[in-house]
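Reader: I am new to this structure and would like to know what stands behind the words used to describe it. Could you go through them with me slowly?

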Amino acid sequence: MVGRLLGAAPRVLLTAMVAVFFVGSALADSDPDPNSPTPILLTSPDSTRVLATDSSVRGKGSLERIANNRAFDTGSKIALYFTNVALMPGEGANAFRVYASDSEGHFYRFPVVGLGRVAGYPDVYRATVILTDDMKFWGAPRPGDLNVYLAWRGLASNVVKLGVGGMDGIKDVPGTFPTPLATARAIAATQAKEMGNEDSYGGVGYRWSSDRMRFLEQATFGPTQTLDARVRRIGLRTWLAEQFESNYADFPYPDIPLMPSTAPTTCDGGTDDVPLTCRRDRYTQYPVQIWFFKNALYGESQLRLRVNWALNQLWVISGNDTQQSSHMIAYQQAIDKNIFGNWRQMMYDVTLNPAMGNYLDMIRSTRTNPNENYPREIMQLFNIGLFMLNQDGTLQLDGQGNPIPTYDQTTVTNLTKVFTGWRDCRTSDFQANCPNAVPGSPDYKDNMSLNTGSHDLTAKTLLTYPGSSATMNVAACGPPTCNTQATIYPYAYASLNQALDNIYNHPNVAPFVSKYLIQQLVTGDPSPAYVGRISAVFNANRTSPTQMKEVIKAILLDPEARGDSKTDPNYGKLREPVQLTTNLYRQLGVTSVDGTTQSDANISRYPRAMSQNPFYSPTVFNFYPPSYVIPGTSLLGPEFAIFNTGTAIARANFANSAVYGRINVSQPDTPNGTQLYLADLEAISNADATGNKLLDEMNNRFMHGTMSSQMRSTILTAVTAISSTPANAKARAQAAVYLTVTSSQYQVQR
Amino acid sequence: MKQDRREFLMRSGCALGMTALATQMRHFGLMSAMAQEAKSERSDVVPNDYRALVCVFLAGGNDGNNTLIPNHNDATISNYGVYSAARSAQGLAIAQASLLPITVPRMGGLTYGLHPSFGPGVAGAINNGIHELWAQGKMCAVTNVGTLVAPMTRAQYQNGSVRKPYQLYSHSDQVGQYQGGRSDTESFTGWGGRVADLRTSPDNPSGLIPMITSISGAQLFTAGQTTLPLAIADSGTSLANVLNPQGFSSSAANQARLAAFNSLRTIDLSSQVVAAASDITNEAMQANAALQTSQEVTVVFPNTSLGRQLKQVARLIKKRTDLSINRQVFFVQIGGFDTHNGQITTQAAQLGDVSQSMRAFYDEMVAQGVADKVTQFTMADFSRTFNPASSGGNVGSDHAWANYHFVVGGGITSADFFGINTSNGTPFPTLTMNGPDDADNGSNARGRWIPTTSVEQYAGTLARWFGVPAGNLSSVFPLIGNFSNTDLGFLVPPA
């Protein structure tokens, strides 16, 4: 470990110097080694039982004297000893999780409540652990020996035994060996030396090829060979800096006019429509889907669109209730301008956007007939959630161990009153600003305007939390009277802003938003420490106009996100249908059917068949909720909510269509068609009758080097079942791609 | 050096293959079977009849106040005038003349009215709807039912002396409690799934598909600890194609690829996320083999999402003997009930779809000779505020609490109201804002009725009929002991 730290320093210096010479300093961030050491749980020399004591035993004296041939009581607090970690400042107990499995193969998670050093052993830590499952899917483990491991930054320690309520009945997992301190130190030294070797190059660029591909899976709609080569050359941080400077989407938003609520006969889907595609383009979300997939497949502003798509699945509206594409586009623009901006500004822009107003009914909520839909969801779904959170995203508990609600119906009722009176932009409203208004069509391109007569003028009490006193009380309008548009208008907007401040300043917002974005980009069940690190960035930038840029950057550069491979079995996320689709297409150079140009990007049929039809979420709860627990695991896996027997096969059938088929040209909806580019794989296939080079390519491109030897040999068997004639080169390539991308191993981004 | 490190990482990773065994066993309740054997409880006799429960979930929260309406002028309890006075000014009241009358013995023979969409007059009707089944004694209503931790009066609600369900009026949480079958804490499993955990081994010992099938994704209701639901597309896809991976011809190369496709799911299971994906795909592939032949149903179903879902259920029921299955639970769902606005038009269309589809399904069960063996029942997030939201053409209603649910099937004991009495001495609540059954208080009260009948009592009655022994009810419904009457009487448990 010491060697690793020493080895890292000169490289950082060198990188900085190169940067000064060749690049502008703004782009000169260095990329350190992304890998973390692997924690090692200690045992005694002759046992595979973890070194453990009651937590009351302080770690003084010789570690070697700990007698660990004992069982601990269920629910008791113990200390486990481990080595080979390198902690960042502030990284503590919540960076670690202890997982256990019993003889029935059920998994449990024991809370790590303390972390300490051990006197006399500078490289040894002790984790204080409570032997009570906090996953709660299976209840208590069966008494007896458990297999336990420690997880840290997506890495798993060795698996060793721990007796809880007994000491019998479980076998060592294959390959387990005792790891007394001497052995553990030897392993640690080996690791450090290897990492030191990887450090020993001089120059900018990013040579950790597996991590580079992982990074691109997290930050884009899929790696391409061109993009990978570029990031290899310039590094992650420089690429990120470029992305943050990138403008709006490369393929601009379609310019669609506002239309009347009742479609004219020339735009109602009849054969006399002018143009014939009028209804498709103006009264459905078809153009938005095309815009989205054009940018996802071919755009340069990948990170912007990736985060846009994540936020679309948080601040949800749906084409099921949004009548016109122009309405959805205005909403996309409201989100888009804040993607790398400030969250509070996004709250304001979304709240007054008429498409959201329509979707969650604020557009029709009035003083006399208030509507609770938007006020409830802006708290529950978009910003705060239902229960008080710690800054690391874990639940706060009351004295009885129950979660603490963030608000009740009274809060909803009061907040509803604040949000009354706004409607689609009307030039007749006081001080309305509706530059895009078109007579006869509701104006969904401009923010909602206020019908002052419909705004509630009474006092309101909003969210109450530590620090809420500045925002929680909205006084009644006045004094003395509040009966003119000129008095109500400023009151209503001041109240609205105060209410948004009241929500934004709630302590839940930082962990709520941070955890959600981590789940969308990196992993389904992040460690609390990871969430906490991002929350801190969110909070440190609360008033910054580039708050979200800092948040996104922190998420993608966090040590839990980075590293060549993640060995924690709980790490990673199921690829959502949209990502599965775009990753396959981008990794295999998607083109038009004639191969001369780009696909028309009309590919939403595929994610739709897998229960994710973009811009048509079934409900405001999105296609899948962030709190979804994978059945049988007690592991958060949001995307699994739409992974079932039917959609599992739909995924395989998507791969079949894409790899063995194409989307043919058909006017007017698929003018170019869509197909994969397989020629380079055919060439590789043709050049090597053994199929090994083809498998290397699959491993590098799709599995970023993590394909197991068994997976490799299984696919190779099917590939070599096709005889190696030049005419069969394509069939071999197709079989390799089909089997790789339909595998469960590839369904999971880890 | 690289070797050493990789080896260590791989070893620690592979070591976790212990998950694999557990997940592999989760198919078809195999673990449940093992657990049962371990406890020597396999004294149950495999049933010699067929029974199925079909949950029709009205997602978004159907407004019960406009679905079941007083259609009488009795002055002693809430009557049509009371209803109309609260809803007509904003345009949310349904005209008395258009209500479909039902006679309710439990209410002293008074007349109540069903939403007009339950009759034959809806647009595109292909049958007479479910209203007709009331008079035939094949349909009943369970009243004032909702999520509860324990029985609760209005005074107790307001003084906090009895624990409330967590997060009342929130969609996701109330759906979770209806489907999860408990309201004190979040559930990872649903009550349908727990019924299947318990009954798969004794009732379907050689079933070729899981006890639970959803035609609307894998919902909480369908998830057990050891049960994974079969989730398939609606009748727009034939059973033979619904889980069939395309592109595998009989050529040697294709068969080799199919073999690899299958065996990839037996490796790399150290990752729980990968294992979960493999597990679900395995189940799909096994069910696919059992679904390759089937017979079409004979009754015409509406060509709506709900109609196609129920048609697919009917196809599976027709295939029950081939599938070697004696007990089944189904889940279908129709959305669009979150009528914060435009309720008059929207709810009429949605309830018309519900009525037409449930009636077609009932008729198909009659045709298959199992009408008294298959019970359809509704659930929903919650009911909606008695006080309207917005007004005029936009009029709708907000989230509320206690609701009315409908049970349809040949096994119904009588066409009546079932449920626990409210403070007015009847099972129908007092329709007064800030009144004795309103959770809301004061001048802002919107009419959110406090339930007197718990989800557990409603679901428990269904589960008992399905074959869950009385002694096992508490393993399906952990809080059912908080409620005295666990059999509401609208179905009769097996002898």
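Author: What follows is a set of questions and answers about a predicted model.

Reader: What makes the radius of gyration of chain B agree with the globule rule?

Author: With 495 residues, a compact globule would come out near 23 Å, and chain B has 24 Å, so here too the value agrees with the rule. The C-alpha atoms of chain B fill a box of roughly 85 × 50 × 50 Å along the principal axes. Chain B contains 15 helices and 14 strands, and 60% of its 495 residues count as buried.

Reader: Among contacts between residues at least 6 apart in sequence, how many in chain A join residues at least 24 apart?

Author: In chain A, 70% of those contacts join residues at least 24 apart, and in chain B the share is 72%.

Reader: What makes up the contact of the two chains, and which helix of chain B gives the most to it?

Author: A pair of residues counts as a contact if the C-beta atoms lie within 7 Å. The contact takes 87 residues from chain A and 76 residues from chain B. Several elements of chain B each supply at least two residues to its side, among them helix 1 (2-14), helix 10 (252-263) and strand 10 (384-389). Helix 11 of chain B gives the most, with eleven residues. By kind, the side of chain B that touches chain A divides into 38 nonpolar, 27 polar and eleven charged residues.

Reader: Why is helix 7 of chain A called largely enclosed?

Author: A residue is buried if 20 or more other C-beta atoms lie within 10 Å of its own. Eleven of the 13 residues of helix 7 of chain A are buried, so the helix is largely enclosed by the rest of the structure. Among these buried residues are Trp291(A), Phe292(A) and Phe293(A). What covers the buried residues of helix 7 includes helix 6, helix 8 (302-312), helix 9 (325-336) and helix 18 (577-587) of chain A. As for its length, 13 residues at 1.5 Å a residue should span 18 Å, and because the end C-alpha atoms of helix 7 are 18 Å apart, the span agrees.

Reader: What makes both faces of strand 6 of chain A count as covered?

Author: On one side of strand 6 (residues 107-110) lie Phe107(A) and Arg109(A), on the other lie Tyr108(A) and Phe110(A), and all of them are buried. Strand 6 pairs with strand 5 (residues 96-101) of chain A in the antiparallel sense over four bridges, and Phe107(A) is the bridge partner of Ser101(A). The hairpin of these strands has five residues between them, and Gly105(A) there takes a positive phi near 80°.

Reader: Why is Asp361(A) called buried, and what is its phi?

Author: The cut-off is 20 or more other C-beta atoms within 10 Å, and Asp361(A) has 27, so it is buried. Its phi is near 75°, a positive value in a residue other than glycine. Asn622(A) has 20 other C-beta atoms within 10 Å, and therefore it is buried too; its phi is near 70°. Most residues other than glycine have a negative phi.

Definitions and conventions. Residues are numbered from 1 along each chain as its sequence is written. Chains are lettered from A and ligands numbered from 1 in the order in which they are written. This is a predicted model: local features need pLDDT of at least 70, side-chain atom pairs count only at pLDDT 80 or more; totals for chains, interfaces and linings use all residues. Ala, Val, Leu, Ile, Met, Phe, Trp, Tyr, Cys and Pro count as nonpolar, Asp, Glu, Lys and Arg as charged, and the others, Gly among them, as polar. A residue is buried if 20 or more other C-beta atoms lie within 10 Å of its own, exposed if 12 or fewer, and partly exposed in between; C-beta atoms are placed from the backbone. Two strands pair if DSSP finds at least two bridges between them. The expected span of a helix is 1.5 Å times one less than its number of residues. The radius of gyration is taken over C-alpha atoms; the globule rule is 2.2 Å times the number of residues to the power 0.38.
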